[in-house]
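Dear colleague,

I am passing on the structure below, and after it you will find my notes on what turned up when I went through it. Please read the notes with the coordinates open beside them.

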Amino acid sequence: EQLMQEGLINDPGDLYKLTTGDLLPLERFAEKAAENLIASIRAGKIISLSRFIYALGITYVGQETALLLAEKMVRDSEIKDNEMEISRFKNYFKKISSEELQGIKDIGPVVADSVEQWFSKDKNLDLLDRLEEAGVKIKIDPGLKKSGDRKLEGKKFVLTGALDNYTRDEATEEIQKYGGRVTSSVSGATDYLVVGKNPGSKLDKAKEEGTTILEEDDFIEMLESKELPE
């Protein structure tokens, strides 16, 4: 809020122009805090494709839909490298139509129209250009390129609680690497709930649904094993 009130940022593209000197005059920004924030922003210049799509804030596009869109782009574009320029991303989604997007399972006309409209607006395309100028790069999510061990193909996971050996992002990448998908909420379609310390209400929901519950050790064993638990 301070950054916006002081006119230092107006949209996400401005974040990458910030310097330590911009932050020091602000309330509660000592030198160390300012340095930490700038370092964090710079560390975030490489972002996974699905998270990049989600972070754009396209109406109706949550994390699961973002992953579906990322999968389609990788499949259609036959991407071989592990990283790509934002310009390639922009050109792909500028050309794709609502009708094509509706060909993706679980994406209907409302979501497809929202995506098409977002990429038709000059201000949004300008934002993508500015992000690229700032050095932001997109990496391909593990598992989107169909190769290697796909033992978790078609399996849906939900994560809850704090894991000892993985951050939430690291656990998600491990699941995706083997072809699985991580969703945000437990439903009848969820195959596994991975439980860490201090789990939330998702654990109760998983028990109601009869979802297979994995403690962290079970999860690690699953990743290392060739067979999935019953």
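The notes below cover the model itself, then a sheet, and then a pair of helices.

This is a predicted model, so local features need pLDDT of at least 70 and side-chain atom pairs count only at pLDDT 80 or more, while totals for chains, interfaces and linings use all residues. Residues are numbered from 1 along each chain as its sequence is written, and side-chain values use heavy atoms, with hydrogens and water left out. Helices (H or I, at least four residues) and strands (E, at least two) are DSSP runs, numbered from the N terminus.

The sheet

Four strands make up an open sheet with parallel pairing, in the order E5-E4-E6-E7, where two strands pair if DSSP finds at least two bridges between them. Its edge strands are E5 and E7 (212–215), each of which pairs on one side only. H11 packs on this sheet and touches E4 and E5, contact meaning heavy atoms within 4.5 Å. The direction of H11 makes about 165 degrees with that of E4, angles running from 0 to 180 degrees between N-to-C directions, with axes taken as lines fitted to C-alpha atoms, for helices over the stretch in contact. Helix H13 (residues 216–224) also packs on the sheet, where it touches E4, E6 and E7, and its direction makes about 95 degrees with that of E7.

Strand E4 (residues 156–160) has four of its five residues buried, that is, under 20% relative accessible area with a 1.4 Å probe and protein chains only. E4 runs parallel to E5 (residues 181–182), to which two bridges join it, and parallel to E6 (residues 192–195), to which it is joined by four bridges. Phe157 has Val182 as its bridge partner in E5, and Phe157 stands opposite Tyr192 in E6.

The helix pair

Helix H6 (residues 63–77) packs against helix H7 (residues 86–95) at an angle of about 95 degrees, with the axes 11 Å apart. H6 and H7 are therefore roughly perpendicular to each other, a label that covers angles of 65 to 115 degrees. On the H6 side the contact involves Leu69, Lys72, Met73, Asp76 and Ser77, which meet Arg88, Phe89, Tyr92 and Phe93 in H7.

Best regards

Technical notes. Buried < 20%, exposed > 50% of the residue type's maximum accessible area, 1.4 Å probe, protein only. Parallel < 35°, antiparallel > 145°, perpendicular 65-115°, else oblique.
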